[in-house]
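This report describes one protein model and the surroundings of its ligand. Look at the sequence and the structure before reading on.

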Amino acid sequence: MRPSEWILRTGFRSAARIFYRNADQADWIYEKVHRPGNVFVLGMNVLYYLARRPKVYGFVSVVLEPVSACNLRCVYCWGELEERLKDARPKQMDWELFQKIVDQAPKGVESITIGGQGEPLLHPRLGDMVEYVAKRGMRAIMYTNGTLLSGERMERLAETPLSVLNLSVEPDAETCREFRGVDLAQLKENIAAFRARKQPMTDVKLSMVAHPGNLEKLGGVYDEWGGLVDAVKISPQFGLREDARRVSCMEPWRGNLNFYTNGEVSPCCCDWFTELSIGNVAEQPLDEIVHGERYKRLLENFLRGEVPNLCLYCREFTVEGAPLRLRKRWPKP
Ligand SMILES: C[S@@+](CC[C@H](N)C(=O)[O-])C[C@H]1O[C@@H](n2cnc3c(N)ncnc32)[C@H](O)[C@@H]1O
Ligand code: SF4
Ligand code: SF4
């Protein structure tokens, strides 16, 4: 770790210790942003939003969906949305489209998160993707349900220069079974086998969604998972709700771009059906898209409070009782 990165990480962790009483929560941002210059970019994006400018100062990260299909049906994800998701776009991203996205990523982008609305381990060239991102000088971060992390798939991923492997889980065996349909003991075996083979640079973390069905269990997370992973991160559940509530948020100013298997680009990471699309990289160079009229119009509409339908139903920040971040010394139930 370079001295500048050490200072940045220590700063993030100190702030998270104060705000969340848990330094691990700083990893949400640190895993995507290592470069001190990009903290300035993020600050400028916030200023642009506060100054009501329909413009983004710069981009620091990308989220990319290699597969729009899944072997699981977690209740808050494919389990709830299968009818709408199954024909929404091609199941797999073409290798050529993937290369185009990575090659055209805006100058400041330092990390590419491989995830989206599907299971990345289903892509036959996942290992090549991680290596391609690293060769282009960016960090590859990945989200997976971990159930396919075995045999050749696990061995191939373990030999790549992956920066972070995020495993999406529930707090304990009962909730893993109930909400994700996953056998916790098997999953732990997969994680342990990956840990034994992975490159030293790869961090292994847990990613958990806080939802009304598991809030009571969050207190036991560190006991259940301690020793097997480097950190635990938690995020509030996102979903669609019927009681429409007009909101305006600064997500489109966050400096993050999301790409889907069909090449659509969106500035919101919750945009499951690309309703906030600002263009398609299969049809137009990315530089034209991010400087184009469509993005500008979207930002102008946000500033006027004229948000797309998706935002009317967005409940990313409002699931009843869900904590935004997990405290390390969460009171036991
Ligand atoms: C959609 S999954 C895709 C990658 C992979 N299949 C996995 O489970 O990690 C990416 C992340 O979104 C989370 N997620 C799924 N449904 C969600 C929801 N309704 N609200 C918030 N996060 C959700 C998952 O738990 C996972 O950590
Ligand atoms: S959270 Fe991940 S594993 Fe679960 S259904 Fe969604 S994409 Fe599949
Ligand atoms: S869908 Fe939600 S998170 Fe995304 S831009 Fe709209 S309000 Fe913000």
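## Nonpolar core

The largest nonpolar core has 64 residues, and V62, I101, A140, V232 and F259 have the most contacts inside it. A nonpolar core is a set of buried Ala, Val, Leu, Ile, Met, Phe, Trp, Tyr and Cys residues joined through C-beta atoms within 7 Å. A residue is buried if 20 or more other C-beta atoms lie within 10 Å of its own, exposed if 12 or fewer, and partly exposed in between, with C-beta atoms placed from the backbone.

Leaving aside residues up to four places away in sequence, I101 touches L64, F259 and V281; contact needs C-beta atoms, placed from the backbone, within 7 Å.

## Basis of the model

This is a predicted model, in which local features need pLDDT of at least 70 and side-chain atom pairs count only at pLDDT 80 or more, while totals for chains, interfaces and linings use all residues. Residues are numbered from 1 along each chain as its sequence is written, and chains are lettered from A and ligands numbered from 1 in the order in which they are written.

## Two positive phi angles

R52 is not a glycine, yet its phi is positive, about 60°. R52 lies in the loop between α3 (36-50) and β1 (61-64); helices (H or I, at least four residues) and strands (E, at least two) are DSSP runs, numbered from the N terminus.

T274, also not a glycine, has a positive phi near 50° and sits in the loop between β8 (264-266) and β9 (279-280). Is each residue buried or exposed? R52 counts as exposed because it has 11 C-beta neighbours inside 10 Å, whereas T274 is buried because 21 other C-beta atoms lie within 10 Å.

Terms used: Two residues are in contact if their C-beta atoms, placed from the backbone, lie within 7 Å.
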